[in-house]
Amino acid sequence: MRFSDHIAKCHATVKIMADGHECPQYNITGDEHGNMQCYIPLMSDQVITAEVALDMVSEHFEVDLFVDGVIRNFWQSTRNTVNKHRAPIVGFTQGIYRDTRSMYRSDMMTVAIPSSSQLLASGSQRTNVGSIDVMISKQDPERNLHYHGCIIPDEVPKDWYNQPIAPATGAVEPTLQMMFQDGTRMQEADRGGTRIRLRRTRQGEAPWCTFKFIYREPAQLRAAGIGSTLRGGYGGRTSLGSLNDESRKRAAPGNRGDGSMSPSSDLEISRHHVEDLRSEVLELKMQTERAKRLRLEKEKETDELARRARQE
């Protein structure tokens, strides 16, 4: 997804990667305030990363990564006294979590939600399960500040993954969540500074823009009619099933206004079909990579068992 503020000369593009492959984005919606949202297909046991490409003119800007409603990583630009043009690419390959009194960094891996947690609880603290949010903040002329107001890793109990979840974000109930474990322990000095930066206020009166990726299993999205796409108003994709006849007439490229279609519309629709096929190929590639990784892990486990048997 991409958001552009041409007046401020600031642009941001965010994509989610699963096992190193970019996830297709469905039903992209957005507004002029930078509230962007889409669905992405994910499966269990996939390693997830996020990539943020920035093109900014600002003295100072910040990027925060939220996973299942918990802030899991962050990045802050260096400050400068003038609004210089900068275009960094920020990669989030790990998330921060707490275990006992220490803090760790680990890969972000999708796992199935335990059956005991499937029952939704309206009073649950576990909100936004099944979503990845990237929030970008930048300094404004009045130098206002705001607080993200989200849960930090220190506030997550050890049995967090087995607790009931709050009502779902989006129309499809989540069956996946993100797991953080077997990570690298952070040094004491790094832990202290990280805790401070996780809690501190962000630049601006409010976030400059927020990207929400609602992740669901491919079969769920297909069942909900999410995936068959038509180019949307923000350069994204929106489900054909969600458009009524009149909306389709307005949204369809090449519409002459009388309900008839110009020849160029056929070419545009064909282009959308190509995009659908590309998304299906990406999804199939993700499934193939996952099957290959599981097979290699199984072979490695079998070899280890055989080696132990020979030693005995």
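In this predicted model, Arg199 has a relative accessible area of 42% and is therefore partly exposed. Asp154 lies in the loop between strand S15 (145–146) and strand S16 (176–179), whereas Arg199 belongs to helix H1 (residues 188–199); the pair is 45 residues apart and links distant parts of the chain. Arg195 joins Asp154 and Arg199 in a network of salt bridges.

The count of salt bridges comes to nine. Another of them connects Arg202 and Asp64, whose closest N and O atoms are 2.7 Å apart. Arg202 is buried, at 1% relative accessibility, and Asp64 is buried with a relative accessible area of 1%.

Glu51 and Lys15 form a further salt bridge, at 3.7 Å from N to O. This pair joins strand S6 (residues 47–57), which holds Glu51, to strand S2 (residues 10–18), which holds Lys15, across 36 residues. Glu51 is partly exposed at 29%, and Lys15 is partly exposed at 24%.

The largest nonpolar core comprises 47 residues; Leu42, Val52, Leu54, Ile136, Phe211 and Phe213 have the most contacts inside it. Beyond its neighbours within four places in sequence, Leu54 is in contact with residues including His11, Phe61, Trp75, Arg86, Pro88 and Ile136. A second, separate core has nine residues, among them Ile71, Phe74, Ile96 and Met135.

Terms used
Residues numbered from 1 in each chain as written. Predicted model: local features only at pLDDT ≥ 70, side-chain atom pairs only at ≥ 80, totals over all residues. Heavy atoms only, no water. Core = buried A, V, L, I, M, F, W, Y, C linked by side-chain atoms within 4.5 Å. Buried < 20%, exposed > 50% of the residue type's maximum accessible area, 1.4 Å probe, protein only. Contact = heavy atoms within 4.5 Å. Salt bridge = Lys/Arg side-chain N within 4 Å of Asp/Glu carboxyl O. Helix = DSSP H or I, 4+ residues; strand = E, 2+ residues; numbered from the N terminus.
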